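Have a look at the model first, then read on.

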Amino acid sequence: MVPVEVLEVQNNGALWKFLLSGAMAGAVSRTGTAPLDRAKVYMQVYSSRNNLLNLLGGLRSMVQEGGVHSLWRGNGINVLKIAPEYAIKFAVFEQCKNYFCGEHGSPPFQERLLAGSLAVAISQTLINPMEVLKTRLTLRRTGQYTGLLHCGRQIWKREGAQALYRGYLPNMLGIIPYACTDLAVYEMLHCLWLKSGRDMEDPSSLVNLSSVTLSTTCGQMASYPLTLVRTRMQAQDTVEGSNPTMSGVFRQILAEQGWRGLYRGMTPTLLKVLPAGGISYMVYEAMKKTLGV
């Protein structure tokens with residue numbers, strides 16, 4: 001979700017401060033929750049009917065294979081892609097908002113949803129190759145890749161440029177249920193607070209954090225099966241060296257694990273929502289104060 005403050009920016013010169021604040025907040029929160037993120041990806045890809053990994057089992061396997069520091073594998077590129085991802089998302093959102101509502105308008109629910117979905121779709125289209133690299137680096141065995149460039153060259157050499165856009169279709173389809181659920185829950189919570197007689201012109205930090213955490217959790221649950229399929233497609237060469245399709249991966253998961261398999265890795269996903277949201281919110285607010293916005 002694009003922070004509410006960005007909806008009301010009167011001075012375009014302040015936009016870079018919001019971008020920097022958001023990028024720093026994302027970098028710190030993702031670094032702090034990187035072990036849970038890697039456990040999620042590990043469970044999504046390697047869990048099967050005969051190997052039903054749980055969170056502790058996944059963490060134990062990763063530590064045994066590469067030591068404690070291996071829990072942060074793939075975090076470098078995860079942090080590296082935050083700045084361009086935020087910049088593209090915010091820039092597109094601002095253009096869509098101005099187009100729909102004028103420069104000083106406050107977009108209603110439907111137009112915020114459309115603007116937010118377009119912003120995410122365009123940013124994810126441009127960032128998708130980095131998502132593939134992040135997934136491969138997250139799942140790499142000790143010594144498999146020497147770094148980001150080596151990983152990119154190996155994918156290009158063995159699988160071709162099209163491999164950098166694996167998982168693109170489920171990624172795009174997942175935007176719709178995520179954005180709809182996320183924004184709908186967020187707006188519903190704010191309506192409930194308004195009906196309770198509380199002042200929502202300047203909501204407290206706890207209200208904001210609670211609303212964002214719950215809305216993000218609901219959004220992730222709504223789009224999680226597509227997120228799982230995207231990750232499996234991006235990591236497919238790591239597993240068996242084939243060229244997967246979205247329907248093929250869906251059928252494989254259902255055949256091996258049933259409907260419950262579509263939510264494999266959900267536990268670390270839910271566990272990281274609150275700390276990630278809390279860290280992001282604190283760093284974001286601290287950066288805004290530092291930059292004077």
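Searching the whole structure turns up zero disulfides, where a disulfide is a pair of cysteine sulfur atoms within 2.5 Å. Bear in mind that this is a predicted model, where local features need pLDDT of at least 70, side-chain atom pairs count only at pLDDT 80 or more, and totals for chains, interfaces and linings use all residues. Residues are numbered from 1 along each chain as its sequence is written, and side-chain values use heavy atoms, with hydrogens and water left out.

Several residues come with a relative accessible area, so here are the classes: buried is under 20%, exposed is over 50%, and partly exposed is in between (1.4 Å probe, protein chains only).

| Residue | Relative accessible area | Class |
|---|---|---|
| Cys180 | 31% | partly exposed |
| Cys218 | 25% | partly exposed |
| Thr216 | 17% | buried |
| Val68 | 55% | exposed |

Now for the rings. Phe, Tyr and Trp (its six-membered ring) pair up if their centres lie within 6.5 Å; planes under 30 degrees apart are stacked, over 60 edge-to-face, and the rest tilted. By this rule there are three aromatic pairs. One of them is Tyr42 with Tyr46, a tilted pair at 4.9 Å centre to centre and 55° between the planes. Why are these two about one helical turn apart? Because they sit four residues apart in helix 3 (residues 34–46); helices here are DSSP runs (H or I, at least four residues), numbered from the N terminus. Tyr42 counts as buried at 17% relative accessibility, while Tyr46 is partly exposed at 27%.

Tyr224 and Tyr263 also pair, this time stacked, with 5.8 Å centre to centre and 15° between the planes. Tyr224 is in helix 10 (residues 205–234) and Tyr263 in the loop between helix 12 (246–257) and helix 13 (266–291), so the pair ties together parts 39 residues apart in sequence. Tyr224 is buried, at 2% relative accessibility, and Tyr263 is partly exposed, at 37%.

Helix 10 is also where you'll find Thr216. Leaving aside residues up to four places away in sequence, Thr216 touches Tyr178 and Asp182 (contact means heavy atoms within 4.5 Å).

Finally, the surface. Val68 lies in the loop between helix 4 (55–66) and helix 5 (75–80).
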